[in-house]
Amino acid sequence: MAKVEKKEVAAATPPWKPKPRPIVRLGIVLISHSLLVSVVCCTAGIVALFLLPMLAKNTYISENALMPGSASSMLSNHDISEAERLAKDLTSLNSGAADAGIERRRVLAKYLSDLGVEVGYHKFQSHQNQFHPLHFFSSPDSGLSQENGSCSSYGINVVGIIRAPQADGKEAIVLVTPFNFRKNSSSEALSISIGYAVFSLLSRVSWLAKDIIWLVADSQYGEYASVASWLRDYHIPVFSASSSHNADSCFEGNNINLLREESPGRTEISSGFRRAGTMAAALVLKVTDVKGQLEDTLSVYAEASNGQMPNLDLINVVNYLAVHRQGLRVKVEKFLSVLTWEWIWMLGDTLNFIGKVAGSLNPEWKFGISTPDYVEGTATLASSLYRQALGIPTGPHGAFRDFQVDAITLEISPKVVYTNQGRRNEFILRSARLIEGVVRSVNNLLEKFHQSFFLYLLTSPAKFVSVGVYMIGFALLVAPLPLVAASLYVDANKPEPSSQDPKQKLQINFKPWKWLSAAKQVFTVHAWGVFVSLLPYFISQIPNSTPAAHSIIWFSLSTFGLLVLYLITKSPSKPQKGKWENLKSVTISAVFIGLLLMSVVNFATAQIGALVLVPACLLAQPLKLDIRTASLKSFLRIATNVFISFVAFPPAGFFILKGVNEGFGNMDVGEFWTWLESLWAWNSATYIYIGMVHLPCWVLCLQILLHSC
Amino acid sequence: MAASSAVVAILASIWLCSSIAADASGSSSETTMHTNNWAVLVCTSRFWFNYRHMANTLSLYRTVKRLGIPDERIILMLADDMACNSRNKYPAQVFNNENHWLNLYGDNVEVDYRGYEVTVENFLRVLTGRHESAVPRSKRLLSDEGSHILLYMTGHGGDEFLKFQDSEELQSHDLADAVKQMKEKHRFKELLIMVDTCQAATLFNQLHSPGVLAIASSMKGENSYSHHLDSDVGVSVVDRFTFYTLAFFERLNMYDNASLSRLFNSYDPNLLMSNAYYRTDLYQRNLQEVPVTNFFGSVMETVHTDSAYRAFPQKNTPRETRIRTGKTAEDDSRRSILTDMTKAECPFTRIVSSLESKMETVGNLDSLVNYGLVMILPVLVVSVWLST
């Protein structure tokens, strides 16, 4: 009875209106204040980006097993004198002779087989990087056709493999030294010396747990190509005999009967492809002559394709051993031009001041950073961000990353070109000890590198910003996009105050579909973006033309395509109220999705893209409206809009960046083409981003600006 | 009357003896003598960079062996095989010092549990003696209630746990529970637990069993550090606590009388870089009177007893050491109770034997019986009278 009564009471009270859940209410509040939110978030996002050098942490060796530097070096002067003997033998050969390259390979192979290690030659055919629109994210060059190479473009790598005496041979460490067998270069001979010194030591030691592979990569067709083709053959065995037969016939034709030669050394030189276990890590060793250095320096290059980085532990080990054991100066690449920017120094001063004030308020707060450190950090960070965003590997180590092998390039440059043999030996000793230390440390590994970070930006060789920190800036930057899109949509579909009769109300229910026409427009522009990104494939087929001509053809074809699209899809109906808002709303949503997707593929690209696209999209408003109001505010907006849309146009942005870095002196229209060509040649996702996200959004922003409302 | 008093005495002694038998379980460890020594040495960590843990354990193995515990009474558990690790510059050798004077992995090292056999389960089985029937005797801890056991553990530890094999943990209550079971099953007289890990002291928090003495390398919140790095082998080869323990024992031989308190006082917190911790509240004896060889060595007193094995013909050999070889641990402990009872001369046996000797002094057994029958008559009369 009581229950029934209660029910009646409940029914008698006026219908209870459900209060929306807190998260919904929060969303509504944010959307209704989207202007404020977007201004705050964007500012915070940009500020966060500039704070990154301050938030960088010192690197530390995360993997216990590595134990770098715990073992003393075993390298002796004997190894070095042997290595120097090899270098002399290599350089003494007459470089003018046609078969100098063959003779050098033979000398090297003899030395290696005298060590008692397995020696093999690896023939490869150099491929011109070609645009394969369908191969962007597929395995590297898996579908290359091998038939159409001429015999002249064959290179031969020399490979030595030390089998670990007590191990199971399931893992390997790779050392790579690029060497042009046809040319006499003192720095390359020096790198061979270092490589051989380490290799001859490792062939004697008993503590190897992983096999050691030394790849002397034939760099006459580029360092990357030779390493990449060796890796491909290592990982993707060819079972049909056709390709190797093809290569052999070439060699016979050229009288290079290198492979059937009698081996004078301790071990036989095999003609078959030699393999060891899975690769734990790879080090590419180069020696370069850089003038005007104060001390011997070591430059570390780590960026592989699409901004992939090797595990931070590998860089840490190298940095630790180089700095604390061998006393080398370690450098990572940085934008030198940033160091000359006055405003960066001022920003550094300000941050330094703020840090000091905070430190005086509470000694616990230690986020101060000295101004030179900040500027250096910013320059390095900018370079790190740019190299990752570009998505082009910075050295032959990039080829390893495609097979999920952690690899870096070590570029050692001596202070001066050593003429004194003693000084030269000392330089070789230090470099070789560094490599030995890294190999011994990696040899201690039990598993793949996995403890430390894979997603990071370097601000100095010993400082990094991890993904958890740098994502914040990006998240803040893109957070306003969905809010503004929602608020624009709500504004555009508000019922007009005059229409209050029930008939009108019924029509409002159908209004949500208004965004479909805007979506159609956005979709067509994106389809055009796909078309534009595919064009270079066809344009590059045109024989005998310059990059400048290519650019012009591409530009005109794209514009023509856009015009045609515009004429086809142009709706005859009069522009209605809220149309540009709808268009902007959908555009912003598309940008949001595009940026998020890109941030997963290559974060640095998304970050740089967001810096340009987010303000462009958020500020876009028909110029006509601003001209009509004609206030100072609207004038400012017009100026900003025009400026941003100019900068956001990819070629314009490219030339501005180039001009800032290298001066506006010699500009060539073809450079942009060359730059993009390198992007697609390296399968960089940045190319796709520019073609399919950035360019369409820029066009859409232009459409909004020029909207006739 | 003498006979009746004898009967009363018999009744009383039966009661007394049963009560003593019931009591024996509680007081056996106090009453039994220290008769044998065992050592359980455990290295719980894998991987090349934990070389020092294996070196720690092997050094202690060598020490206790040198001080007299035979191999069959040492259970050696090594979680990994550093000697045959491919990264070892000296194959099949393990050193605990960079001077390489001593190869710990010599010819006569008997590893009972190695590699993946070293698990928490197997460790607890060894302690509690609950093995599957197929486990050979050499892998069992066949201790009895006269045993002094040294339990040495090293590896990576934390607050109330010790890591086994990178995948399991032994928690302090697991250890306490195992020790309690051992106590219940008379598997030890005294137990010395020595742990060299980080925060080792926390591992003893739950111990309650009497007769347990515990030493830890570090207090809660402290790390135990390695002593030095062998740059030839490329790893740290020994931990500080173990290093100084070994340094103490290197000066001793089997016949030294150095006491446990001397060992405990030899640890210098400045050298250890941590504070060694001793738990003595469960231990009754005065540490100054306990020689270290009570645990780290095996100095046996030979005691003459009647043989426990009646079937054996050489029953009357004049001296026999008390090293028994029971079939199972349970058998062992049961037998030990029997032998201990004879040794302690239970009142019942004493009375029976004195009775027997008295009987023999009585010359005429028939007259004794007759007297007895006559004595029964008045008892009968009295009882009949009472019942009516």
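Strand β4 (residues 171–179) of chain A runs parallel to β5(A), and eight bridges hold the pair together. Two strands count as paired here if DSSP finds at least two bridges between them. One of the links to β5(A) involves Phe179(A), whose bridge partner is Asp218(A). This is a predicted model, in which local features need pLDDT of at least 70 and side-chain atom pairs count only at pLDDT 80 or more, while totals for chains, interfaces and linings use all residues. Residues are numbered from 1 along each chain as its sequence is written, chains are lettered from A and ligands numbered from 1 in the order written, and side-chain values use heavy atoms, with hydrogens and water left out.

On to another neighbour of β5(A): strand β3 (residues 154–162) of chain A is joined to β5(A) by five bridges, and these two run antiparallel. Here Gly160(A) has Trp214(A) as its bridge partner. Strand β5 (residues 211–218) is mostly covered, with eight of its eight residues buried. Buried means under 20% relative accessible area, exposed means over 50%, and partly exposed is in between (1.4 Å probe, protein chains only). In a regular strand the side chains alternate between the two faces of the sheet. Both faces of β5(A) are covered: one side has Asp211(A), Ile213(A), Leu215(A) and Ala217(A), the other has Ile212(A), Trp214(A), Val216(A) and Asp218(A), and all are buried.

Now for some helices of chain A. The unreviewed UniProt entry lists several stretches as "transmembrane region", including residues 23–52 and 467–490; such positions are given in the numbering used here, feature names are shortened, and annotations may be inferred rather than shown by experiment. Over residues 23–52 the chain is 97% helix and 0% strand, with the end C-alpha atoms 31 Å apart. Residues 467–490 come out at 96% helix and 0% strand, with their end C-alpha atoms 35 Å apart.

Helix α3 (residues 34–55) has a kink of about 35° at Leu49(A), shortly before the proline Pro53(A). The bend at a residue is the angle between axes fitted to the seven residues ending there and the seven starting there. Among the buried residues of α3(A) are Ser34(A), Leu49(A) and Pro53(A). Ser34(A) also meets Ser487(A), which is found in helix α16 (residues 480–492): a polar contact of 3.1 Å joins their side chains. Ser487(A) counts as buried because its relative accessibility is 10%.

Most residues other than glycine have a negative phi, and most peptide bonds are trans. Asn306(A), though not a glycine, has a positive phi of about 55°. Asn306(A) sits in the loop between β8 (297–301) and α9 (312–325) of chain A, and counts as buried because its relative accessibility is 13%. In chain B, Met273(B) is not a glycine either, yet has a positive phi of about 60°. The loop that holds Met273(B) lies between α7 (269–272) and β12 (277–279), and with 45% relative accessibility Met273(B) counts as partly exposed.

As for chain B overall, there are eleven helices and twelve strands, and buried residues make up 48% of its 388 residues.

Methods. Helix = DSSP H or I, 4+ residues; strand = E, 2+ residues; numbered from the N terminus. Polar contact = N/O pair within 3.5 Å; in protein donor to acceptor, adjacent residues only side chain to side chain.
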